[in-house]
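Please read them with the structure open.

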Amino acid sequence: MTDVTSAHLTADQLLSVKDAIETRRSIRRFVQEPMNQDDLREILRLASLAPTANNVQPTRFVVIQNKELQEKLQAVSYNQSQVTSAPAVIVVYADMEDVLSNVEETLPASMDEEQIKMRADRLRGQFQDQDVAQRGQWALSQANIAFGFLMLAARGMGYDTVPMLGFDPSEVKKLLNLPDHVEFAGILPIGKRDEEGFPHHRHSVDRITAWK
Ligand SMILES: Cc1cc2nc3c(=O)[nH]c(=O)nc-3n(C[C@H](O)[C@H](O)[C@H](O)COP(=O)(O)O)c2cc1C
């Protein structure tokens with residue numbers, strides 16, 4: 001099959017940010033070969049560099065490379081076949097309660113004990129008037145940024161993905177033993193494309209931009 005990009009990309013050929021953005025498209029059928037584990041780890045590392053407010057870092061990943069589990073995940077994802085076609089599926093979620101239980105670990109080691117205590121107390125205080133759902137939504141807006149980084153990091157390293165929100169969140173939580181309070185950014189089947197996907201169909205910049 002012909003690749004949609006001008007040159008076929010292998011995992012060791014890094015794309016520019018512009019090329020990664022332009023060549024990313026949702027791919028739902030993948031080449032049947034396992035993910036290179038170093039590449040997978042590097043993609044997650046790059047996504048972990050996404051910024052978060054106050055550097056709270058609420059994003060968490062579950063990496064699934066297990067056909068049996070992928071079949072169960074597909075069953076609670078409206079039977080969307082990309083979940084089992086992909087060699088790996090990354091589940092991306094925000095866990096703000098985990099952040100608040102371990103605030104200190106988000107603070108740089110260069111701080112002394114007193115500074116760490118002061119900053120940690122201030123951070124905890126910032127969220128004490130919000131309920132679990134409210135701060136969960138706030139954390140989700142941070143995890144969504146990492147979700148975007150993840151797709152572009154993958155594409156930049158020659159991989160393809162499809163972002164997905166078409167699943168039953170409570171069933172996915174049950175399946176993966178995740179606490180009830182977590183909020184999903186989405187799930188991301190990842191691998192090498194075995195189809196071309198659809199060309200981008202997007203608004204013009206002028207349709208979506210006001211210049212003041
Ligand atoms: C948050 C989000 C959720 C999505 N959920 C699904 C999904 O459940 N199943 C699916 O096949 N595609 C899903 N998509 C893919 C979109 O249909 C796709 O991104 C859009 O049509 C644009 O196409 P492109 O990604 O090829 O540019 C989702 C995309 C986003 C951003």
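1. Val 63 stands opposite Ile 90 in β2. The two belong to a pairing in which strand β1 (residues 59-64) and β2 run antiparallel, joined by 6 bridges. Strands are DSSP runs of E with at least two residues, helices are runs of H or I with at least four residues, and both are numbered from the N terminus. Two strands count as paired if DSSP finds at least two bridges between them.

2. On provenance: this is a predicted model, in which local features need pLDDT of at least 70 and side-chain atom pairs count only at pLDDT 80 or more, while totals for chains, interfaces and linings use all residues. Residues are numbered from 1 along each chain as its sequence is written, and side-chain values use heavy atoms, with hydrogens and water left out.

3. Strand β2 (residues 88-94) is mostly covered, with 7 of its 7 residues buried. Buried means under 20% relative accessible area, exposed means over 50%, and partly exposed lies in between (1.4 Å probe, protein chains only). The cover extends to both faces of β2: Ala 88, Ile 90, Val 92 and Ala 94 are buried on one side, and Val 89, Val 91 and Tyr 93 on the other.

4. Between β2 and strand β4 (residues 183-191) there are 7 bridges, and the two strands run antiparallel. Within β4, Glu 183 is the bridge partner of Ala 94, and Phe 184 is the bridge partner of Tyr 93. Because 8 of the 9 residues of β4 are buried, the strand is largely enclosed by the rest of the structure.

5. Is Ala 185 buried or exposed? Ala 185 has its place in strand β4 and counts as buried because its relative accessibility is 5%. Its C-alpha atom is separated by 9.1 Å from that of Gln 142, a residue 43 positions away along the chain.

6. Strand β3 (residues 160-161) is joined to β4 by 2 bridges, again with the strands running antiparallel. Asp 160 stands opposite Gly 191 in β4.

7. For the chain as a whole, the secondary structure comes to 9 helices and 4 strands. Along the sequence the pattern reads α-α-β-α-α-β-α-α-α-β-α-β-α. The C-alpha atoms fill a box of roughly 60 × 45 × 35 Å along the principal axes. Of the 212 residues in the chain, 43% are buried.

8. Val 205 lies in helix α9 (residues 205-208). Val 205 counts as exposed because its relative accessibility is 52%.

9. Which residues come nearest to the ligand? Of the 13 residues around it, these are Ser 26, Arg 28, Gln 80, Gly 166 and Arg 202; a residue is near a molecule if one of its heavy atoms lies within 4 Å of it. The shell divides into 4 nonpolar, 5 polar and 4 charged residues. In this count Ala, Val, Leu, Ile, Met, Phe, Trp, Tyr, Cys and Pro are nonpolar, Asp, Glu, Lys and Arg are charged, and the others, Gly among them, are polar.

10. An N or O atom in the side chain of Arg 28 is 2.7 Å from an oxygen atom of the ligand. For Arg 202, a polar side-chain atom likewise lies 2.7 Å from a ligand oxygen atom. Gly 166 contributes a backbone N or O atom, 2.9 Å from an oxygen atom of the ligand. The protein covers 63% of the 610 Å² of accessible area that the ligand has on its own (Shrake-Rupley method, 1.4 Å probe).

11. On annotation: UniProt lists residues 21-192 as "domain: Nitroreductase" in an unreviewed entry, and such annotations may be inferred rather than shown by experiment. In the model, that span is 48% helix and 14% strand, and its end C-alpha atoms lie 16 Å apart.

Terms used
A polar contact is a pair of N or O atoms within 3.5 Å; within protein, one must be able to donate a hydrogen and the other to accept it, and residues adjacent in sequence count only if both atoms are side-chain atoms.
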